[in-house]
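Let's walk through this structure together, one feature at a time. Have it open beside you as we talk.

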Amino acid sequence: MTRLGFGQFGLIALLTAILAGAAAGADSRYTDSFSADDAKEDSCIQSLFWLDQATPPPGPYLFYVGTGGSRQLAFMGYQNQLAELGYCFPITTVRTQRVVKGWLTVDVSFPTTATISQYPQQGQLLYSTSGDGVAWSVAQPLNAGRRQIPIESVSGTAYIRFSGTRAAIDNLDVSLSSQAATIYVSQGSGTIQAAINAAVNGDVIEVRRGTYSGPGNQDIEFGGKAITLRSTDGPESTIINVSAGHRGFYFRGGEGADSILSGFTIQNAQTAGIYCEYSSPTISNCIIQNCRADVGGGIGG
């Protein structure tokens, strides 16, 4: 029997619900007009950025031409080497294993300035893409004008690399959509809260057997996300052990039925095992034991 303990009197009850996984994905957007110096920080592959523009370096480099809204990022090769700039999208420190697909659009030009000459022949700009940052497509040329490039990855990060000389880019715009992913948590490899923070609507987080405690494994919040958090081995084998002064889960982001918690034992909480405030999540196959609160030691609200 599934056991839910309410308050210090140990009232036993059963809470059941039908699990219905959400299928929604998430969108990611990135833009750069090159009016600021974001490219240096946001790119993952880059030739030297020549910022002072005093003496050109003896190698391929990147530099800005123009000012204000007309500012562009220019590529200058050296001998037979092309300058390079590459990105991995989405630009984030937390990545998940989900399929991403989308488009990159960019303005390409071959300007003539005091530092760039298109004589005796025009410069060039190439691009190649990768789904893992290791295997790259054959480089393709980009002509002047507004260009659209498909990008995708089955592993969650789509890569693109530009290489060129005497060419410039402007108004970079990336739009990605992602499909639902499964994120795994095990003891010693991150926390449940970190996995939730990385998840988007429709994702499933599977927690492997073990006892989880301490920061990131108590006072856990869904943050309003329509996600499924479940154990792989059931509540008897997957325990949220709460320390003094804390609770197991706190729902206060307007979560509804598509925010699903399933398959955990929550024990020893002193401010409710699960606390719901203006939220109605789906809770299934959970054991709440030895939990206290002034009102609703098992599930309060």
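**Reading the features**

A: Let's begin with one aromatic cluster, formed by Phe 222, Phe 249, Phe 251 and Phe 264. Before going on, some ground rules: this is a predicted model, where local features need pLDDT of at least 70, side-chain atom pairs count only at pLDDT 80 or more, and totals for chains, interfaces and linings use all residues. Residues are numbered from 1 along each chain as its sequence is written, and side-chain values use heavy atoms, with hydrogens and water left out.

Q: How many aromatic pairs does the structure hold?

A: Rings of Phe, Tyr and Trp (for Trp, its six-membered ring) pair if their centres lie within 6.5 Å; planes under 30 degrees apart count as stacked, over 60 as edge-to-face and the rest as tilted. The structure holds 12 aromatic pairs.

Q: What describes a pair of aromatic rings?

A: The distance of the centres and the angle of the planes. Take Tyr 30 and Phe 89: the ring centres are 5.5 Å apart and the planes are at 45 degrees, so this pair is tilted. Tyr 30 sits in strand 3 (residues 26–32) and Phe 89 in strand 8, so to speak distant parts of the chain, 59 residues apart, linked by the pair. Strands here are DSSP runs (E, at least two residues) and helices likewise (H or I, at least four), numbered from the N terminus.

Q: Are Tyr 30 and Phe 89 buried or exposed?

A: Buried means under 20% relative accessible area, exposed over 50%, and partly exposed in between (1.4 Å probe, protein chains only). Both Tyr 30 and Phe 89 are buried.

Q: And how are the rings of Phe 249 and Phe 251 arranged?

A: Their centres are 6.4 Å apart with planes at 15 degrees, so that pair is stacked. Phe 249 is buried, at a relative accessible area of 0%, and Phe 251 counts as buried at 0% too.

Q: Which residues touch the most other members of the largest nonpolar core?

A: A nonpolar core is a set of buried Ala, Val, Leu, Ile, Met, Phe, Trp, Tyr and Cys residues joined through side-chain atoms within 4.5 Å. The largest one has 30 residues, and those touching the most other members are Leu 73, Tyr 87, Phe 89, Leu 104, Leu 125, Ile 160 and Phe 162. Among the elements giving two or more residues to this core are strand 7 (72–76), strand 8 (83–89), strand 9 (100–109) and strand 13 (158–165). Strand 14 supplies the largest share, five residues. Another core, of 27 residues, lies apart from it and includes Phe 249, Leu 261, Ala 269 and Ile 274.

Q: Where does the charged end of Arg 161 sit?

A: A charge sits over a ring if NZ of Lys or CZ of Arg is within 6 Å of the ring centre and within 35 degrees of the ring normal. For Arg 161, the charged end is over the ring of Trp 136, 4.2 Å from its centre. Arg 247 does this with Tyr 250, at 4.5 Å from the ring centre.

Q: How many salt bridges does a search of the whole structure find?

A: A salt bridge is a side-chain nitrogen of Lys or Arg within 4 Å of a carboxyl oxygen of Asp or Glu. The search finds seven. One of them joins Glu 84 and Arg 161, with the closest N and O atoms 3.9 Å apart. Glu 84 is in strand 8 and Arg 161 in strand 13, so the pair ties together parts 77 residues apart in sequence. Glu 84 is partly exposed at 28% relative accessible area, and Arg 161 is partly exposed at 23%.

Q: Which residue forms a salt bridge with Asp 107?

A: Arg 146, the closest N and O atoms being 3.3 Å apart. Asp 107 belongs to strand 9 and Arg 146 to strand 12, so parts 39 residues apart in sequence are tied together.

Q: What is the nearest side chain of opposite charge to Glu 255?

A: Lys and Arg count as positive and Asp and Glu as negative, while His and the chain ends are not counted. For Glu 255, which is buried yet has no salt bridge, the answer is Arg 252, 7.8 Å away. A polar contact is a pair of N or O atoms within 3.5 Å; within protein, one must be able to donate a hydrogen and the other to accept it, and residues adjacent in sequence count only if both atoms are side-chain atoms. The side chain of Glu 255 reaches the backbone nitrogen of Arg 252 at 3.4 Å, and a polar atom of that Glu 255 side chain lies 3.5 Å from the backbone nitrogen of Gly 223.
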